[in-house]
Amino acid sequence: MEKLTNEFLEELVTECRPYSRDGEVVKDIPGQSPADQNKLGVCMIDLNNNVYSAGDTDMRFTIQSASKIVSLMMALDDFGKDEVFQNVGMEPMGDFYNSISHLESHDVKKPFNPMVNAGAIAVSAMIKGKNLDDKFQRILKRLRQITHNNSLKINEDVYESEKLKGDRNRSLAYFMKSTGAIAHDIEESLDLYFRINSIEVTTADLAKIGAFFANGGRSLKTGEQLIPMDHINTIEAIMMTSGMYNEAGKYAVEVGFPIKSGVSGCIVGSVPGRLGIGIIGPAINKKGNSTAGGELLQRISRHLDLNIFSVI
Ligand code: GLN
């Protein structure tokens, strides 16, 4: 096993940058440009708060679908497992992340899992709060507490664009309304979903979310149990089976710990009992996953012996 150092990570980043050629930067997210094609950055934080980083860690980007683990965490904390999974499944899907057809063919008329768009919209609909603003502020407060970053906020340009270009997500939401899969206010649920996707983060913020999960829901700063461990276990299991959409199987085999991607090219990773990882590599493949980021994760896991199934 190699030793985790900044220099070691820097070497891996250099090796993995060329894999960004296999992907493309999403053009319609404000602030993202083709000039970011070769960017790649990683931050890792262990449970003693040691920080290791390499590459383009100064980048700010929106959390996009990596927020789906945060929404699920809020809903589990608000309602508990039984109630949440009455509204959303926990099975891997095998289709693209924004698939609508599965909502029609699936027997129980609920989205497959909370890691795909339809499932995350159904989960967002559940999150408690007096009104839309209150719901969003609760999420932001929790995220600031987990990341120890009080300046965490929404990127307004991205939020406006998510609303403007959100017709696919609107279709998913209204379809679910028609089948009774969502009984909540659709526009409000969608607006909350768009806001959560538009939170701006860095690789360090994502690594802290991963480390918080790795620490079983206890604050890395105070040791306080902020979210019950049982909920964290549920989220990590679902990340493992669905966090990389229709590439989740490959990543379960090649990385072997829970990870979740977003179309900004970000990935959150969590190695239970050990550390959290935040990655940005804006070039993504058709399945919505960072190509260089995915390669980097595989090498990190292999070299540092992080596969959770290899523990004896
Ligand atoms: N904002 C994007 C959407 O809702 C997020 C998708 C993703 O990151 N996979 O479609």
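T222 is located in the loop between α10 and α11, where helices (H or I, at least four residues) and strands (E, at least two) are DSSP runs numbered from the N terminus. Because T222 has 10 C-beta neighbours inside 10 Å, this residue counts as exposed. The criterion calls a residue buried if 20 or more other C-beta atoms lie within 10 Å of its own, exposed if 12 or fewer, and partly exposed in between, with C-beta atoms placed from the backbone. The C-alpha atoms of T222 and N117, 105 residues apart along the chain, are separated by 33 Å. The model is predicted; local features need pLDDT of at least 70, side-chain atom pairs count only at pLDDT 80 or more, and totals for chains, interfaces and linings use all residues. Residues are numbered from 1 along each chain as its sequence is written.

The domain assignment divides the protein into domain 1 (6–64 + 200–305) and domain 2 (67–197); such bounds come from an automatic or database domain assignment. A distance of 20 Å lies between the C-alpha centres of domain 1 and domain 2. In the interface, 31 residues of domain 1 are in contact with 32 residues of domain 2, contact being defined by C-beta atoms, placed from the backbone, that lie within 7 Å. On the side of domain 1 that touches domain 2, two or more residues each are given by β6 (199–201), α10 (203–214) and α11 (229–242). The largest share of this side, 7 residues, is supplied by α11. By residue class, the side of domain 1 that touches domain 2 comprises 14 nonpolar, 10 polar and 7 charged residues. In this classification, Ala, Val, Leu, Ile, Met, Phe, Trp, Tyr, Cys and Pro count as nonpolar, Asp, Glu, Lys and Arg as charged, and the others, Gly among them, as polar.

Strand β6 also takes part in an open sheet of 3 strands, with the order β4-β6-β5 and antiparallel pairing. Two strands are taken to pair if DSSP finds at least two bridges between them. The edge strands, each pairing on one side only, are β4 (61–62) and β5 (153–154). Antiparallel strands β4 and β6 are joined by 2 bridges, and F61 stands opposite V201 in β6.

The ligand is surrounded by Q64, S65, Y97, N98, N117, E162, N169, N197, G262, V263 and G288, a residue being near a molecule if its C-beta atom, placed from the backbone, lies within 6 Å of it. This shell contains 2 nonpolar, 8 polar and 1 charged residues. At least three residues of the shell are drawn from each of domain 1 and domain 2. Q64, one of the surrounding residues, lies in the loop between β4 and α2 (68–79). Q64 counts as buried because it has 24 C-beta neighbours inside 10 Å. Although not a glycine, Q64 has a positive phi of about 45°. Y245 likewise has a positive phi, near 55°, in a residue other than glycine. The position of Y245 is in the loop between α11 and α12 (248–254), and this residue is buried, with 25 other C-beta atoms within 10 Å.

The largest nonpolar core has 91 residues, of which V42, I121, A122, I259 and L296 touch the most other members. Such a core is a set of buried Ala, Val, Leu, Ile, Met, Phe, Trp, Tyr and Cys residues joined through C-beta atoms within 7 Å. Each of domain 1 and domain 2 contributes at least three residues to this core. Apart from neighbours within four places in sequence, I121 is in contact with N169, L172, A173, S189, L190 and Y193. A122 belongs to helix α5 (residues 117–126) and counts as buried, with 28 C-beta neighbours inside 10 Å. With the same exclusion of neighbours within four places in sequence, the contacts of A122 are N87, V88, P111, M176, A181 and I182.

Strand β8 (residues 266–271) is mostly covered, 6 of its 6 residues being buried. C266, V268 and S270 point one way from β8, whereas I267, G269 and V271 point the other way. Strand β7 (residues 259–261) is joined to β8 by 3 bridges in an antiparallel arrangement, and S261 has I267 as its bridge partner in β8. The β7 and β8 hairpin has 4 residues between the strands, and G265 there takes a positive phi near 95°. Strand β9 (residues 275–280) pairs with β8 in the antiparallel sense over 6 bridges, with I279 as the bridge partner of I267. In the hairpin of β8 and β9, which has 3 residues between the strands, G273 takes a positive phi near 75°.

Terms used. Contact = placed C-beta atoms within 7 Å.
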